[in-house]
Amino acid sequence: MSPTNVESDAPRFDNVLRIDLRLLAAAVPLVVLVLIAVPLYLIQITRGVGLIAGLNRPTYWGLDVVNCVFFLGVGAGGVIISSLVHAFGIRQLKVVGRIAELMSISSAVMAMASLFANLCWPTRMIYIIKYPHPTSPIFWDMTNLSTYLMVSLVYGYLGTRADLVRVIQKKPRYAWLYRLLSLGYTNLSPEARSRDQRILRVLGAIVLVGEVAEQTISAWLFGLHKARPGWYGGMIAPLFLVLATISALAVLTTSIVVTRRLIRLRIDDDVIRKLGKFVFFLIPLLGYLLFVELFTVLYSAEPAKLNVYHAMMFGHYAPMFWGHLTLGLIFPFFLLMVVLLRVSRGMLWSVGIVLLHFLAIAAAWLHFPVPYPALWHGLPVWAVYAVLWLLGLALLSVCAYAKMGEDVRIGLATLLVGAGVFAARWNLIIPSMGEYSYLPFVFPGYTPTVGEILVIVGVYALGGLIYITCVTLLPLVESEEAEEVKEVEEAPVQTEEAEFDINAYIH
Amino acid sequence: MPRYGMVIDLDRCSGCQACVVACKVENNVPFCSPKESSQGQEIAWIQVLPSHEGEFPNVRARYMPVLCMHCEKPPCVPVCPTGATYRSEATGLVGQVYTRCIGCRFCAVACPYTVRYFNWYTPHWPKEMDERLSPDVSVRMRNTMEKCSFCHHRLLKARDQAAFDGRKLKDGDYVTACQEACPTKAISFGDLDDSQSRVASLSRSHRAFRLREDLGTEPKVYYLNEGDWDVPDER
């Protein structure tokens, strides 16, 4: 490649090695949070988990497992997105392919860190290899997690190395760094590039299958145990897959919106709208799956499951459930509807009023205990519902009339969806342990302690730091679109089938 | 092959908790503070569950000692990623290798009886107790799982003694600490496969039942109770 060509796509490398003050400002608190979490984690493993975490019998798994499963989902979804780009050539998503890869690598690290926070003997992890026990879902989960981390690294490397070589030419001062990152690769010839693309395409197809398996195995950490009636069942695996996909898209969209506000990034509004649309269409699917699961339990009223669901909906964990339903599903759905479908605000208002009305009736009918009753003490029930109703209307009005950029609105909606998926995972995992026992034990409920939350916040901060480092070091948008278009023009006309003919890649 | 099991006569149990104390002393089960206990972080390999029926003054209290069921098909064994928990083919006991446990707590999550206990802290005893720990049982370290072993160390001792005496192990040689301590002789222990043994005949009694047989775990702890015993749901 001639130097003139390098100059022509210079804006794509805009973010590379630019020390942005705002990024730096974001990194400082993250470092502090990691530094807070490390000693807490060390106390956990050297003195006992009980000193930090509020876990107990029988809620043996808490926030860290929920977090681990959440990030496994985000990472898996990220890899699915990038493999859709590479294996099935969905061009519209190409610009976000690399960010999706970065997201899945940092998610894998975060999932690993949460898992380590949960497994309290990091020094004994070798026993999983030394004394393997393939009947255990954890064995397969570990196998999967490590494979997936490796594969997404290889995937990211193959997709990025050509760009890294270009950065070497552009920033000779830091050539040593990029030579290290590209592992000495220098070939920029079109043949090498098309070979890389071929490998990525095959790898993408394999990874897609692998990720489905990965989420299924994560679900089987829970779904296979007859001892836990809330988990036991076949529904949990497809539910996990949908949760993974929607959370990955949501986290990806949010992080692109945030990154775009922080640094110059050549990703236009249209891409964000497309991602928002994906999330928009997945919200009803998720709602449907959750509804089917819920309705089966409530209708059949099998006591074991009903106890768990009762605790989830009206007991100790009720704020999580209703919070997810309203703020994680319904509210972002309307917000996205306003932005994407350009629904008239009057229309939205009327739909919103009717819907909230039905919700209030349903809540009254179910004797929904209002969260934090002390706040409402002394008020008649209808007044409480009226207040909630007005609150909902106010939220709807905000989403309809507030002055903010379209991308911010989509980002806000997807942030809520992402947080909602976390709440959904919590609802699927936590109440099943503490809220039903086959024996008349009396158990304390589980509430995460401050220490536990700080450890998890540290894990998030670690992920954020990895992301910021990558954003500073790597070209975020693939610089090869232009070439690819040329390549397609030059190539003889191919039919659709020929493009997916696997034999062509074997020979 | 012996298949050790236990029979607990609920009609005899007075809820005195002597079995709980005996077990704690015998097996070096760590102490816990009231705070830890209220957080649900205590360890008790055997626990007496009270259940109260009726309203004052017509109250009837019943007690049920609950310990590891040593299931024939234990759900905790297949889920362990390292094989730290296992079912012994030779004795039918479900054991735990403390030094191989990675502390993932999967076995505890998979156990329907909630009888697996986690060392949330480094175990500690009052100074006086510290010097009187049983030398036969290893003290478990922090962040590992532990549970009732049916006093496995006593089996080893009984076997040694029988070999020394030049005879075979007979019913009554191997007794557990809880059985020994029970003042009402509610607990019997022995080989369920030995048709002559006391437990085998008791386990065939019309009063016998096991906890949650519908789950298919085939527990080896039998309970005896006249009439129906509905596991009460306090919720």
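Strands β2 (residues 47-53) and β3 (residues 60-66) of chain B are paired antiparallel, with 7 bridges between them. Helices and strands here are DSSP runs, H or I of at least four residues for helices and E of at least two for strands, numbered from the N terminus. Two strands count as paired when DSSP finds at least two bridges between them. Within this pair, H52(B) lies opposite A61(B) of β3(B). The hairpin of β2(B) and β3(B) has 6 residues between the strands, and G54(B) there adopts a positive phi near 85°.

Please note that this is a predicted model, in which local features need pLDDT of at least 70 and side-chain atom pairs count only at pLDDT 80 or more, while totals for chains, interfaces and linings use all residues. Residues are numbered from 1 along each chain as its sequence is written, and chains are lettered from A and ligands numbered from 1 in the order in which they are written.

I turn next to a helix of chain B. Helix α6(B) covers residues 152-165, and its 14 residues should span 20 Å at 1.5 Å a residue; the end C-alpha atoms are 20 Å apart, so expectation and model agree. The expected span is 1.5 Å times one less than the number of residues.

Which residues of α6(B) are buried? They are H152(B), R154(B) and L155(B). Because they cover an arc of only 145° around the axis, they lie on the same side of α6(B); the arc is that of the directions from the helix axis to the C-beta atoms. By buried I mean 20 or more other C-beta atoms within 10 Å of the residue's own, by exposed 12 or fewer, and by partly exposed anything in between, with C-beta atoms placed from the backbone. L156(B), D160(B) and F164(B), on the other side of α6(B), are exposed.

The buried residues of α6(B) pack against β5 (94-96) of chain B. After α6(B) comes G166(B), with a positive phi near 70°.

Chain B contains 8 helices and 10 strands, whereas chain A has 21 helices and 0 strands. Of the 235 residues of chain B, 42% are buried; in chain A, buried residues make up 43% of 507.

Contacts are pairs of residues whose C-beta atoms, placed from the backbone, lie within 7 Å. Among contacts in chain A between residues at least 6 apart in sequence, 84% join residues at least 24 apart. In chain B, 61% of the contacts with a separation of 6 or more involve residues 24 or more positions apart.

Notes:
Contact = placed C-beta atoms within 7 Å.
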